[in-house]
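Here is a short briefing on one protein model. It covers a helix, its surroundings and a sheet.

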Amino acid sequence: MLYKAVAFTTNEFYRKQSERLEASLTKYGIPYQIERLEHPGSWHKAVSMKPAFIKRMLEETTLDGVLYLDADAEVVAPLPHEQLEGYDAAFTRFKRSPEHPEEILTGTMFFRKSRNEAQATQMLGMLARWAELTEAFGHSNTPEQDALKLVLFESNGICTMDLGPAWTYIHDDFKELFPDVKPLIMHYQASREYRERELRDERAKEKAQG
């Protein structure tokens, strides 16, 4: 299987983050495309751009599929491409504890480009629906995750796979939660720092105006 890794940045902060990702993709010989998109005004709006971006990348690629990665990710080991064979989509399902609700982590996701017209139409329709619902979850802290849950519940005929924690390994969290798992793709959660910056800027602006 040959796929393309895709990612996007929206400002200089994430562009700098993506340099580490680009170096790791080059190291492991993975074809990639990292795009600089116009910043929509906030982190919340930027993360909501994922579904439409992935849909466009899948439409444009001539390879078997696309592996979406957040710009702050890093490939840290050879990826077992064969694990993706036979699946239309793959992502990491995560429960912090039995008491916590299940999350679908969207930092690493795979989507197959089907050569069957009916299946291709279904996949692109699912991605379009995901983009639509993400807008509707604008009040949520994780709009694209919440929307993806609903889309997968609605979708029939899409064969999905749980990538497990190795593919979406949170650098400061998963070592304790999954001590026996060796990471494949590390995620550095740069959004935490960026969102804190946004909040500080908003507070400073409000203080200056008030």
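The buried residues of helix H4 are Met123, Met126, Leu127, Trp130, Ala131, Leu133 and Thr134; buried means under 20% relative accessible area, with a 1.4 Å probe and protein chains only. Helices (H or I, at least four residues) and strands (E, at least two) are DSSP runs, numbered from the N terminus. The model is predicted: local features need pLDDT of at least 70, side-chain atom pairs count only at pLDDT 80 or more, and totals for chains, interfaces and linings use all residues. Residues are numbered from 1 along each chain as its sequence is written, and side-chain values use heavy atoms, leaving out hydrogens and water.

**Helix H4**
- The buried residues of H4 pack against helix H3 (50-60), strand E5 (89-94), strand E6 (103-112) and helix H5 (143-154), where contact means heavy atoms within 4.5 Å.
- H4 has 20 residues (117-136) and should span 28 Å at 1.5 Å a residue, which agrees with the 29 Å between its end C-alpha atoms; the expected span is 1.5 Å times one less than the number of residues.

- Six strands, in the order E2-E1-E3-E6-E5-E7, form an open sheet with mixed pairing; two strands pair if DSSP finds at least two bridges between them.
- Strands E2 (32-36) and E7 (160-162) are at the edges with a single partner strand each, so one side of each has no neighbour in the sheet.
- Strand E1 (residues 4-9) pairs with E2 in the parallel sense over five bridges.
- Ala5 is opposite Tyr32 in E2.

Key
Buried < 20%, exposed > 50% of the residue type's maximum accessible area, 1.4 Å probe, protein only.
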